[in-house]
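Good morning, everyone, and thank you for making the time. Please look at the sequence and the model for a moment, and then I will walk you through a few places in it.

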Amino acid sequence: MLTEFHIGIDDTDSPLGGCTTYTTTLVFQELLSIGIKPADFPWLVRLNPNIPWKTRGNGATSIHLAIEEGQIPLVEKVAIRIVEETTNKTERRTDPAVAFLKGPVAYHLRDFSNRALHDVLSVKDANHVSKATGANFHATKSARGLIGALAAIGAKLDQVRHTFEVIAYRTKDNLGTKRAVDKESVFDMDTKYNDSTFQNLDRENGRVLICPHGPDPVLLGIRGFDPFTLLKALGEVRVREPVERVMIFRTNQGTNAHLTRPRKISELEPFQSAVLTARVDSLPRVLKGGHVIFRIRDETGVGVCAAYAPTGPMMRAARELIPGDEVRAYGGVRLNRDSSLTLNLERLDILRIVEAFREENPRCPSCGTCCESMGRDQGFRCEKCGLRTRDSKTRVRISRDLEPSVEIPPPRSRRHLTRPQTASQNPDLMFAREDAFSFERLLKAIQPASTL
Ligand code: ATP
């Protein structure tokens, strides 16, 4: 009888090289090559992006199998060996872990995974959930990677909103060199697959976003809503270096999964992801560099939001807020040097704007010119005809350069998890029409040494 078996992997990489998705691809493909067939694409699960000790995008991965119980020791052996081989253990910030779970994912683990998207968890929390759910693991250093490894298993990506990413990897000889990907072909691919892929490039500054820049083995990654289209899109990109292998991941990228937890201002803790519904409590202040900060208030207290200059339209909208406006602020909680907290905005919903008024001196009853004040409680005098008046100031409504709207940063300053506009307009895209493709058919494209 076949039994569910899940493998979670995290933290095999460092700023000097490696990538957890690459390790996972090697494990997935080696399992395939020894005749063990996975039940799904591997999952790439992005976790709380505000964790200070992440290398890049706080990604963890998992592989899901339906196998004979007798095959489990072999599968574990393959996974542990590849994790060991692909990790640079001398690197201080690398804390690899591989977790194994036999049987269905229990509620505890699902909940843990959800919290890993929003909160800061400890290795103790991970050990606790591992015991409670009967998962076991292999970790060589502090076991910090266990947090991500378990969270990746518990993500239930097949049952919630998800997207896909096709990743092409470089050969060893090319690691650390400039990626030979033709920019023009990325533009063409983006035009052709604009509705079905996202985050390919930033058209405002012409920056290609499918290629990372570091020494890691990823040559390029294209994100989108269904795996067939992603393979076609990959085929459109002209690459002038050898591709070692290709993998398709089911992911939570582009789903805003980390921005679903409503919180109150008084409950905020450093490095959380948070959503606050509040009223603007101060006029925004524009700092050097164009960053905008403003206070917000809810029934529990006052907090500070920051919209940084690179967030472009979102920063410009924030600049126009006035006290009383109602907003929903989404972002990461930063711990400042003086221990205060700031919500770094990743999205700003302007829910309701209040009317704005300016006080004006009264108009001259004779010639209509704006009068000047003669001093406190002294009335007003017309500059032009000298007429005096005891009329009081009038409130004049001024037009607001702002409307209720949803503001997100431009592609270049988005998180991996940020939901693109196409998906906001059509959320069904993220249920990815499961019936329209078959995992079986796509397995061929992600075999070791497959040629596209
Ligand atoms: P890459 O995107 O290149 O794979 P990364 O940004 O994912 O790198 P890692 O090197 O994997 O960074 O480091 C992230 C570490 O943070 C892992 O050890 C992971 O277990 C841990 N972690 C992930 N989510 C949380 C969380 N919510 N609370 C505490 N630790 C977390």
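Predicted model: local features only at pLDDT ≥ 70, side-chain atom pairs only at ≥ 80, totals over all residues.

**The ligand and its shell**

Let me begin with helix 5 (residues 145-153), which gives three residues to the shell around the ligand, the largest share of that shell; helices here are DSSP runs of H or I with at least four residues, strands are runs of E with at least two, and both are numbered from the N terminus. Residues are numbered from 1 along each chain as its sequence is written, and side-chain values use heavy atoms, with hydrogens and water left out.

There are 23 residues around the ligand, and D11, D13, T55, R56 and G59 come nearest, where being near means having a heavy atom within 4 Å.

Which atoms of R56 and A116 face the ligand? In R56, a polar backbone atom is 2.6 Å from a ligand oxygen, and in A116, a polar backbone atom is 3.0 Å from a ligand nitrogen. The protein buries 98% of the 640 Å² that the ligand exposes when taken alone, with areas from the Shrake-Rupley method and a 1.4 Å probe.

Finally, please turn to S339, in the loop between strand 16 (326-335) and strand 17 (341-352), which has a positive phi of about 75° although it is not a glycine. S339 is exposed, at 55% relative accessible area, since exposed means over 50%.

How values were computed. Polar contact = N/O pair within 3.5 Å; in protein donor to acceptor, adjacent residues only side chain to side chain. Buried < 20%, exposed > 50% of the residue type's maximum accessible area, 1.4 Å probe, protein only.
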